[in-house]
Amino acid sequence: MRVCRKTFIKRQDFVKRYFNATVRIIQKMKKNLLLICFPCLIGALIILTGIACAEEIKFEASANRNIVSLGQGLQLGLQFRDSKGIPAPELPAINGFKSRYIGPSTMMSIVNGRMSSSVTHIYRLIPLKTGRFRIGPLSFKYKGDTYISNSLTIQVVDSAAGRGALHGSGQRTETDLKDRVFVRMQAGKSRVYINEIIPLTIKLYINSLGIRNIQYPEFSHEGFSAEGFGKPLQYRETIDGTAYDVIEFRTKIFATKTGELKLGPAKLQANLIIKKQRRRPASQFNDFFGRDAFDDFFGGYSTEPVELNSGNIALTVMPLPKDKRPPDFSGAVGDFDLSVEASPDEIKAGDPLTLKMTITGDGNFNTVTAPKLKSSVDFKVYKPQAKQDEDGKIFEQILIPLSDAVKEIPEVNFSFFDIAKGEYHTISKGPFPVTVLKPEKKEEITLMEAPHAAERTFAKENFGRDIIYIKESPGRLKDKDSYLYMNTVFLLMQTIPFLLFVSLRKMRKRKERLRRDIGYARRLSAPQKAKKGIRKAEYYLNTNRTGDFYDSIFTTLREYIGNRFHLPSGGITADIVDNALKDKDIDEDVLTGLRNMFKECDMARYASAGLRRADMENTLKDLKQLIDYLERHKL
Amino acid sequence: MTGIKITHSRLVARGELKRCIFLIAFMVICQLYLLFLSAAPVPAEDKNRGDPQYIFYKGNTLYEQGKYDLAIREYSKLPARGMESGNLYYNLGNSFFKKGDLGKAILNYERAKRLIPRDSDLKSNYNFALSRIKYNAPETSASLLKRVTGIFNILSINEMTLLLSAVFVSAVFFFIARLYIQVTRRFSVFFMSVLIIVFILISFSLFNRISMLDKEAIVISESTEAGFEPFENATAHFTLYEGMKVYIVESKKGWRKVERFDGKSGWVRNQDIGKI
């Protein structure tokens, strides 16, 4: 529509210029007036016809059905586009029909953001006789402009046949339905290259029928890759004089394999609103009202799901030519342009820089892969990240210069197959100058290995690795399989701290007891004190001091017994000792000896003269034995 | 009487303090002595066994000349005489690596690891050799206990034994200190529980290491099939690749039953594996 309008404007422009030029020529060349006039007039006539043709588009005649039976009416619509104010034209007498003006119907529509308005004047035509009739072309003059419509062909059948055709068997109805609602599929091209984008339209035609719940069409597309459908367009189209409401679905497809491929059929599901057939026998009541008003009002219409199928489209898919195919070609088909940006332009070796490659143009972006670097020896190259939007495809490639010797980023190449020219095309951009500085540290650049890293880099790193050189000295040579834990000396040494602990603990305990338990302390000191006393007694024995000897024996014995059994030593006598030791488990001989010793001492103190040295030695011996006995026995 | 008692106890307290100081000093000296003694265990009787140093340096010279086979023969004399050292096994591993015998190289690096576990050269060479072997060892998820005891793998068995001994000795000395110094009693629960946990962990780890001593082995033939039975014509159960670590489960006349990392076990010939 838009195209038609443009051509129309162009033609008007052209006519004006041509006319002006003609006038000027006429003024200049009056002599050859007749000679020039004739072709000019003919030209003007041709152009005027063209204008008339152009204006014809704006005036359209259509009928709601093209087969009609006698006694039935049909509606004829005369549509004027882009002009609301045109009055109803007076219909000329149409052969075979009687006409009556019903009224205007205005319509506003917004298609692709452009508003258009139209007025349709509706007439009712009642056929008068059977046969094929041609209506129009109708012409109509308004404000000096002549509008000429298209022509229509209407078939008028006999009343009985017509009824049969319209309300007869189900099959007939179906055939009728097929004319009134159908789906057509059209592909932009029939011979295509593989991966070439093909526009595909699927149109739903509806002629004065109610249709609801129109689903997006589905179509079988084996060997093709298809996008989803966009927002459907809605407009009117006339085919063979019948006006249809058209719903157009558009998509783009491309073939993924070569050969003779079949596309379709397209299937579209919708709900059809149909008038219920009257099944009840006609009653008087119905006769009276002519029809069942309630039926119409409450359930005269029902929806019925329908599946509409289009035909197939045969497509020939050709492979891309093999000769002159660039080595870096990777399947891009269309007409593309490439722009490349590198940033930053000054970096340190080992830091990443980004190469932004934008591919714009027409064609199949699905098969567009990242442009390739001509050489990437001095760089570590990462897998590019792709981003696709409506305008094109953007690839972001990260590169890391490996040394500061790098002066430029190498050339970037992108190859595609230009369908219009039928040849391959390679776009090259770059090289891009870049300043690479030395890295701050003088360490070697170590790069983390990404899983997709180029094999070359990996191999390079492997090359630099080897084992570290041997050791110069043998280290500490030791016996094989001899370990410290098996070493007896070491294991024995482990007991030393433990033994130390045990003995220290014992010492500590004893000391504590000595401090707290006086009885215990006395008991422990008893033998030592006794020894001292015995030594004293021995001394007296040797010096023959009998009195002193028995004194010391008595004191020693008393003190020892007192300490040993924790008795107050001052008041110890034979009786007290007897009482104290009675319960203890002491041999009777020892006790007797003890008693005797006390007696002897007593005697000696009062009558020491009668005692000889042998007696003294015996007493001392007895004392020693007694103490020894008491020390040895636990009491 | 009471006056005398008080002076007495004061005297006792003063004397005890002096003794405490003496005791602590004694303990420290004891421990140092212990460590010193154990750090020099069983010196090798060099003179009776020829000159091991000479053999080692001869091996080094042959290695420098690129005569790896001869170097291996020379180095191998020392283990044959019942002597070993971490450096010796390291050099032996290097020689096998240079010769292209990856399995034996790994075996000797493993042996060296037992003696010099923290040597960085050894670690580097060992990892490099491992990266060269054909199979990929699966990442095994170790249990928490294994990971904790794994910390001690940076120590050799002797070092671990010493550490365990040190923990034991310090526990005993702590008890001794507890006898004389009242303050230590306050920390006894905390200190002892820490010591006990450390002791248990080290002894567990040490026990593991010792029990693994004769069990770990490395596959030294390029690839060998482990069979279901210890016979030449036994049905193959799984394949072992050079450098793989296996555990010896059982031995029988020229055959060893080994367990692979995935728990599968089968019989292989003695010469296909080398004990670490």
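Trainee: What is the area buried between chain B and chain A?

Mentor: Good place to start, and keep in mind that this is a predicted model. The size of an interface is often given as the accessible area lost when the parts come together. Here carbon and sulfur atoms give 63% of that area. The total buried between chain B and chain A is about 4,600 Å².

Trainee: How many salt bridges does the rule find across the interface of chain B and chain A?

Mentor: Let's begin with an example: the side chains of Asp466(A) and Lys98(B) meet at 3.1 Å, N to O. That pair counts because a salt bridge needs such a nitrogen within 4 Å of a carboxyl oxygen. Across the interface, the rule finds four.

Trainee: Which residue stands opposite Met83(B) in β1(B)?

Mentor: Follow the strands across the two chains. Strand β34 (residues 478–479) of chain A pairs with β1(B) in the antiparallel sense, over two bridges. Opposite Met83(B) stands Asp479(A).

Trainee: Which residue in the turn between β30(A) and β31(A) has a positive phi?

Mentor: Strands β30 (residues 412–418) and β31 (residues 423–429) of chain A run antiparallel, joined by seven bridges. Ser415(A), for instance, stands opposite Thr426(A). The two strands form a hairpin with four residues between them, and the one with a positive phi, about 70°, is Gly422(A).

Trainee: Is Arg260(B) buried or exposed?

Mentor: Find Arg260(B) in the loop between β6 (255–259) and β7 (265–269) of chain B. Beyond its neighbours within four places in sequence, Arg260(B) is in contact with residues including Phe238(B), Leu240(B) and Met244(B). Its side chain also reaches the backbone oxygen of Thr239(B) at 3.2 Å. Because its relative accessible area is 12%, and the cut-off is under 20%, Arg260(B) is buried.

Key:
Residues numbered from 1 in each chain as written. Chains lettered and ligands numbered in written order. Predicted model: local features only at pLDDT ≥ 70, side-chain atom pairs only at ≥ 80, totals over all residues. Heavy atoms only, no water. Buried < 20%, exposed > 50% of the residue type's maximum accessible area, 1.4 Å probe, protein only. Polar contact = N/O pair within 3.5 Å; in protein donor to acceptor, adjacent residues only side chain to side chain. Contact = heavy atoms within 4.5 Å. Buried area = accessible area lost by both parts, 1.4 Å probe. Pairing = 2+ DSSP bridges.
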